[in-house]
Amino acid sequence: MTLQVFFKGFTTVSAVQLRIHEPTIYAPVVDTIPINLSNNQFTYTTSIQNKTVHAQLTWNYGSKKGYRYFLLQEGDNVVSLGFVNGKIQFRKNQSAIDSLQKKFDKLQGISLQPTILNQRLKLATANPTNFASLLELAHSSRYVHMISADSMIMMLSKLDNSLQQSPLGVELKAAVERRKLTYRKSIFPSVMFENEAGNIVDIRSYPNQHYLIAFGATWCGPCKALLPKAKAIASEYPAQQLNVIYINLDDDKVKWKQMINDFGISNWIHLTDTVKMNKSPITKQFSIAAIPQYMLVDASWNILYNSMQDQDGDLDKVSGLLKKIFGR
């Protein structure tokens, strides 16, 4: 892939950066390259091993910032862009993508306003042949507490078949289908983690009983904020009835063990991933886009509850479910 960018008519563009993406929904960046301008232009050539679907160019222009996505085909690409008096000019088909992207950008506040998210998704399905619509579905798929897997699959099916069969479309559908594997009535799979002693263990090697399984990380503020509530729920039941398996999605073992000590949860079962969350095959397997995330399994490892599917950010629903299970 060769990207040629030239600037014409002004000389104040700075901090240009290229982000190359692969079709992995929750860890999309293959590489991030700072670009040094020479005579207001640059040419960047790279060989990409994985199938890529798009890149993102960002830049500073005076006090303003801008970014644009670029659709990449398999094989060789030459993408020529021109900045003329502060306005970007695109190669063929890019202008339609950019025009729709600007409409998405005007609809802000996804994480706080479900109605805005619905407007963005409606706009995406109303433009079924535009690559920006597929990008929007991929970005919005992270908000699993707002969009069910079935709804996302339905919206994806409304896009043009060429977008559905693109690397990003195929990966998006696969990621959403994987999310359904952790929904109620599914069976929690065998997964290998490292325990506090440094041994690699299968999570299902622990005695058969009810477990509240938590996915979190030491750097995650909401994860730490919810720990006292999880601790209070677990304290209502003997360990033989209910125990907590806390899975740390990070590679910093020092902070992990410090967190266990700071929150007084050494009586829980603690497991950790050995890589950071955005590089973890575990997060891909479980389609974990956001943490904390809690699941409740029974003695046969049937999933009875998923905090994302049940939209239970404060764990009140799982608390009520446990009371029914154990007759409280």
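In the protein chain, residues 24 or more positions apart account for 67% of the contacts with a separation of 6 or more, where contact means heavy atoms within 4.5 Å. This is a predicted model, in which local features need pLDDT of at least 70 and side-chain atom pairs count only at pLDDT 80 or more, while totals for chains, interfaces and linings use all residues. Residues are numbered from 1 along each chain as its sequence is written, and side-chain values use heavy atoms, with hydrogens and water left out.

The protein chain holds ten helices and 15 strands; helices (H or I, at least four residues) and strands (E, at least two) are DSSP runs, numbered from the N terminus. Of its 328 residues, 49% count as buried. Here buried means under 20% relative accessible area, exposed means over 50%, and partly exposed lies in between (1.4 Å probe, protein chains only). The chain exposes about 16,000 Å², and carbon and sulfur atoms supply 49% of that area. Accessible areas come from the Shrake-Rupley method with a 1.4 Å probe, and for residues only the protein chains shown count as cover.

Now let us turn to helix packing. Helix α6 (residues 167-180) packs with helix α3 (residues 131-140) at an angle of about 30°, and their axes are 10 Å apart. Axes are lines fitted to C-alpha atoms, for helices over the stretch in contact, and angles run from 0 to 180 degrees between N-to-C directions. The helices α3 and α6 are therefore roughly parallel to each other; angles under 35 degrees count as roughly parallel, over 145 as roughly antiparallel, 65 to 115 as roughly perpendicular and the rest as oblique. On the α3 side, Leu134, Leu135, Leu137 and Ala138 meet Leu168, Gly169 and Leu172 of α6. The residues of this contact divide into six nonpolar, one polar and no charged. Ala, Val, Leu, Ile, Met, Phe, Trp, Tyr, Cys and Pro count as nonpolar, Asp, Glu, Lys and Arg as charged, and the others, Gly among them, as polar.

Helix α4 (residues 149-157) also packs with α6, at an angle of about 160° and with axes 9 Å apart. That makes α4 roughly antiparallel to α6. Ala149, Asp150, Met152, Ile153 and Leu156 in α4 meet a set of α6 residues including Gly169, Leu172 and Lys173. By class, the contact of α4 with α6 has six nonpolar, one polar and five charged residues.

Gln164 lies in helix α5 (residues 161-164). Leaving out residues up to four places away in sequence, Gln164 touches Leu156, Ser157, Leu159, Gly169 and Val170. Gln164 and Leu134 are 30 residues apart in sequence and 8.2 Å apart in space, C-alpha to C-alpha.

Most residues other than glycine have a negative phi. Lys185, in the loop between α6 and β9 (192-195), has a positive phi of about 80° although it is not a glycine. Trp301, found in the loop between β14 (293-297) and β15 (303-306), has a positive phi near 65° and is likewise a residue other than glycine.

| Residue | Relative accessible area | Class |
|---|---|---|
| Gln164 | 21% | partly exposed |
| Lys185 | 79% | exposed |
| Trp301 | 2% | buried |
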